[in-house]
Amino acid sequence: MDLIYLIKSLLRKKWVIIISTVLAVLLAFVLTMNEKRLYRSVAQLATGFTTTDKVKLTDEGFNIYEIDVKFNNVTEAFKSSKVLSMLSYSVMLHDLENPTKAFRKLSAEEKEKEAKLGVNIASVIAMLKDKYTSEKLLSSYNPDERKVLELIKLYKYDLESIRKMLYVGRVQRTDYLDVEYNSSHPELSAYMVNQGCAEFLRNNESSRTQQNSQSIETLAKLVDQKREVLDAKIGMLRAKGGVDVSVESTSKLTQVSTFEVKLADEKTCSTLHSLVCRMLTVPLLKWTAPTLLPQLPQAPPALTW
């Protein structure tokens, strides 16, 4: 009965519902008719935080809190100023070096602003290449670099514009990271996503290399310190008339080996002498036995009863 009552109520207000729906559609069309189309490109990165091939001696579970922290760190690192700046320089170089295939064209008003900046495109390209290769950021304190930053802002490749259209987040309950970018040009969206992932991996690799080099330098310093301490103690022993342990141990080992060789030679000689003595003793006994052996007295005859 309640369902029938609801249908009757809707039928009584059908014209209000229809008119409201038509007005909402017309209003949405008017508000969005001048909006530019946005094209979205999506890429995924496998982090490897939740999968491991290491051999475990104990049955250890995943630390959910630690994994969440790692994903947050990766997300913030992807959206960091260094990674996005390298992405900005790369896409800016693409448009300046390939004006016919540029992703964005400046309007008449924006071209007037570019002319007021008075920048040389060749010098801008050289500066951006140098910053990109050395992974250094443009500084607003330098007048020439400030003009380049303003030119990048005209093309809407500055950090604020990129962050508005960029999304980086974890795919829920997975090991993957989603990277999305929206723009008015489909090829620009694809370029920003692919190049953004490449810049993130490049930055991550350079950070790891720098950390490894710092660790190696620290270990080298510790080794040098320990060597200095050891050399100082050896010097103290020599000053007090101590014996060089390495030289003494070497000489003793040499003596032991020499004595072992001599002992083996003496044993061999002794064995040979024993064999020779036996070989000579047997014939002598055969020839001298009848004369050398004393005559034993004969036993008395046995008595009989």
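Analyst: Happy to. Keep in mind that this is a predicted model. Let's pick strand β3, which covers residues 176-183. Most of β3 is tucked away: six of its eight residues are buried.

Now for the neighbors. Strand β1, residues 39-46, runs antiparallel to β3, and eight bridges join the two. If you want a spot to look at, find A46, which stands opposite Y176 in β3.

Strand β3 also pairs with β2, residues 166-170. That pairing is antiparallel too, over five bridges. Here you can look for R170, whose bridge partner in β3 is L177. Together β2 and β3 make a hairpin, with five residues between them. Check R173 in that turn: its phi is positive, at about 60 degrees.

K156 has a positive phi of about 60 degrees, even though it isn't a glycine. You'll find K156 in the loop between α7 and α8, the latter being residues 159-165. Is K156 buried, exposed or partly exposed? With a relative accessible area of 44%, K156 counts as partly exposed, because that label covers values between 20% and 50%.

E135 is another non-glycine with a positive phi of about 60 degrees. E135 lies in the loop between α6 (121-134) and α7 (143-154).

Methods
Residues are numbered from 1 along each chain as its sequence is written. This is a predicted model: local features need pLDDT of at least 70, side-chain atom pairs count only at pLDDT 80 or more; totals for chains, interfaces and linings use all residues. Side-chain values use heavy atoms; hydrogens and water are left out. Helices (H or I, at least four residues) and strands (E, at least two) are DSSP runs, numbered from the N terminus. Buried means under 20% relative accessible area, exposed over 50%, partly exposed in between (1.4 Å probe, protein chains only). Two strands pair if DSSP finds at least two bridges between them.
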